Amino acid sequence: MASEKKVLGFEEVSQHNKTKDCWLIISGKVYDVTAFMDDHPGGDEVLLSSTGKDATNDFEDVGHSDTARDMMEKYYIGEIDSSTVPATRTYVAPSQPAYNQDKTPEFIIKILQFLVPILILGLALLVRQYTKKE
């Protein structure tokens, strides 16, 4: 790592978001991982999806090995100016009406409770009438 820490703004870092020019912010430090894109075990898409934001949670969620953490040193280019990093937004689910499990109105259920037995009885009588031996 360099003896003098270079402080970079979020806008500058977020512009480096391509396969041939990729910088990541991890734990307040900026890394130029362009040279590592082809060698990353998860592929370059994983790294590209972490550009333009603080990638600390993405990095920690995977559970990188100590070897991977040691390897980061050669890609270190400076510190991020934390005052320029936008606040993370928390997900707010859209409000939805209460779920109505039974979508059938009550009066239809009462009508069906009355009509279905009558229809079954009528059907039974019709079958009996036509199958009756004379």
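**Exercise 1. Find what share of the chain's contacts with a separation of 6 or more joins residues 24 or more positions apart, then describe the fold.**

Step 1. Count a contact wherever heavy atoms lie within 4.5 Å. Of the contacts with a separation of 6 or more, 65% link residues 24 or more positions apart.

Before going on, two notes on the model. It is a predicted one, where local features need pLDDT of at least 70 and side-chain atom pairs count only at pLDDT 80 or more, while totals for chains, interfaces and linings use all residues. Residues are numbered from 1 along each chain as its sequence is written, and side-chain values use heavy atoms, with hydrogens and water left out.

Step 2. Assign the elements as DSSP runs, numbered from the N terminus: helices are H or I with at least four residues, strands are E with at least two. The protein chain then shows five helices and five strands, in the order β-α-β-β-β-α-α-α-β-α from the N terminus.

**Exercise 2. Work out which residues touch the most other members of the largest nonpolar core.**

Step 1. Take buried Ala, Val, Leu, Ile, Met, Phe, Trp, Tyr and Cys residues and join them through side-chain atoms within 4.5 Å. Buried means under 20% relative accessible area, exposed over 50%, and partly exposed in between, with a 1.4 Å probe and protein chains only.

Step 2. The largest core has 13 residues, and Leu24, Ile26, Tyr31, Val33 and Leu47 touch the most other members. Strand S3 gives the most to this core, three residues. A second, separate core has seven residues, including Phe10, Ile25, Val30 and Ile80.

Step 3. Now zoom in on tyrosine 31. Leaving aside neighbours within four places in sequence, its contacts are Cys22, Trp23, Leu24, Ile26, Met72, Tyr75, Tyr76 and Ile77.

**Exercise 3. Characterise the lining of the largest pocket.**

Step 1. The lining holds 20 residues, and Phe36, His40, Leu47, Phe59 and His64 lie nearest the pocket's centre. On a 1 Å grid over the protein atoms alone, a pocket is an open set of points where a 1.4 Å probe fits, with protein on both sides within 12 Å along at least five of seven lines; lining residues have an atom within 4 Å of a point.

Step 2. Helix H3 (56-62) is one of the elements that supply at least two lining residues, and H3 provides the largest share, three.
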